[in-house]
Amino acid sequence: MRIIVAGGTGLIGSALADSLAGSGCEVTVLTRSPERHQHLASAGVLLQEWDGETAEGWGHLVSQVDAIVNLAGAGIADGRWTTTRKEQIRESRVRAGNALVSAIRDADTVPSVLVQSSAVGYYGPAGDRTVDEQASPGTDFLARVCVDWESSTEAVEAIGVRRVVIRTGVVLSANGGALPRMTLPFRLFAGGPLGNGKQYFPWIHIADEVAAIRFLLENEEASGPYNLAAPNPPTNREFVRDLGRVMGRPSLMPTPSFALKMLFGEMSTVLLDGQRAVPSRLQEAGYEFVYPEAVAALRDLL
């Protein structure tokens with residue numbers, strides 16, 4: 001299989017590109033800075049420079065591939081949500097999606113499938129309500145971003161391209177993302193729940209994230225939205241209890257909500273609000289999780 005991965009140098013994209021290349025696929029990663037990601041090139045991945053907004057310089061490659069995975073977008077938690085930063089978060093996603101649509105429209109031969117990234121933030125703060133793929137979108141900033149992100153590539157369906165939308169939870173990896181940040185206070189014997197700890201914490205092991213994306217790429221019947229999160233999501237309090245147990249540390253020191261709001265501003269919603277998101281359609285399609293339980297996942301990663 002020949003695949004383009006847009007935004008393939010981040011946590012998910014790097015792991016996916018490495019997995020695909022390792023199994024014999026021809027993988028091209030679109031990146032703003034090829035020189036910074038030579039570790040992927042050494043694994044057999046072709047690095048193609050792009051500006052994140054147009055098909056200039058790489059659009060011709062679309063006629064040569066079987067699939068595209070779009071993971072492109074500025075980091076949600078890379079800084080306080082100023083007005084400028086919020087616009088960057090949204091526009092980086094929409095422009096990347098539009099560039100892919102443009103390239104596919106101009107291609108002599110279109111790919112058979114496009115996997116479009118999104119997040120469980122699509123559902124907004126959901127409280128105790130269980131949300132599957134049939135649930136309506138929320139109305140907060142992250143939910144609106146997810147709606148626009150998903151819509152950015154919707155036009156390829158009219159061209160005859162099968163489109164899958166992956167609404168991903170918090171990806172757990174030893175190589176970056178949320179987990180190393182979460183373990184630091186535990187290493188200092190200062191770990192505990194965030195806020196009241198009652199918010200749900202939809203997580204997924206990086207191995208399942210990669211395997212699920214590959215499963216959906218290869219399953220010709222798969223289309224539409226899929227929640228990529230482990231079954232039976234725990235609350236934040238339950239998750240940090242398991243984290244403390246695996247690390248051999250107490251989990252009794254909560255971080256007050258007001259402190260997180262003062263420190264992060266509006267971005268604190270990422271920490272204090274959650275979704276009880278379940279992978280109904282993914283499991284119905286036949287995917288079996290390698291790490292369905294948090295303790296086993298944390299033991300593997302830590």
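Predicted model: local features only at pLDDT ≥ 70, side-chain atom pairs only at ≥ 80, totals over all residues.
## Annotated domain

An unreviewed UniProt entry places the feature "domain: NAD-dependent epimerase/dehydratase" at residues 3–228. In the model, this span is 33% helix and 21% strand, and its end C-alpha atoms are separated by 21 Å.

## Helices α1 and α6

Two packed helices are described by the angle between their axes and the distance between the axes. For helix α1 (residues 11–22) and helix α6 (residues 206–218), the angle is about 60° and the axes are 10 Å apart. Because angles from 65 to 115 degrees count as roughly perpendicular and those under 35 degrees as roughly parallel, α1 is classed as oblique to α6. The crossing of α1 past α6 is right-handed.

On the α1 side, the contact is formed by Leu 11, Ile 12, Ala 15, Leu 16, Ser 19 and Leu 20, while α6 contributes Ile 206, Glu 209, Val 210, Ile 213 and Arg 214. Sorted by class, the residues of this contact between α1 and α6 comprise eight nonpolar, one polar and two charged.

## Helices α7 and α11

Helix α7 (residues 236–247) and helix α11 (residues 294–301) cross at roughly 45°, and their axes come within 9 Å; the two helices are therefore oblique to each other. The crossing in which α7 passes α11 is right-handed.

Here α7 supplies Phe 239, Asp 242, Leu 243, Arg 245 and Val 246 to the contact, and α11 supplies Ala 294, Val 295, Leu 298 and Arg 299. The contact of α7 with α11 contains six nonpolar and three charged residues, with no polar residues.

Note on methods: Residues numbered from 1 in each chain as written. Heavy atoms only, no water. Axes fitted to C-alpha atoms, helices over the stretch in contact; angles between N-to-C directions. Helix = DSSP H or I, 4+ residues; strand = E, 2+ residues; numbered from the N terminus. Parallel < 35°, antiparallel > 145°, perpendicular 65-115°, else oblique. Left-handed = near helix turned anticlockwise from the far one by under 90°. Contact = heavy atoms within 4.5 Å. Nonpolar A, V, L, I, M, F, W, Y, C, P; charged D, E, K, R; others polar. UniProt positions renumbered as here; feature names shortened; annotations may be inferred.
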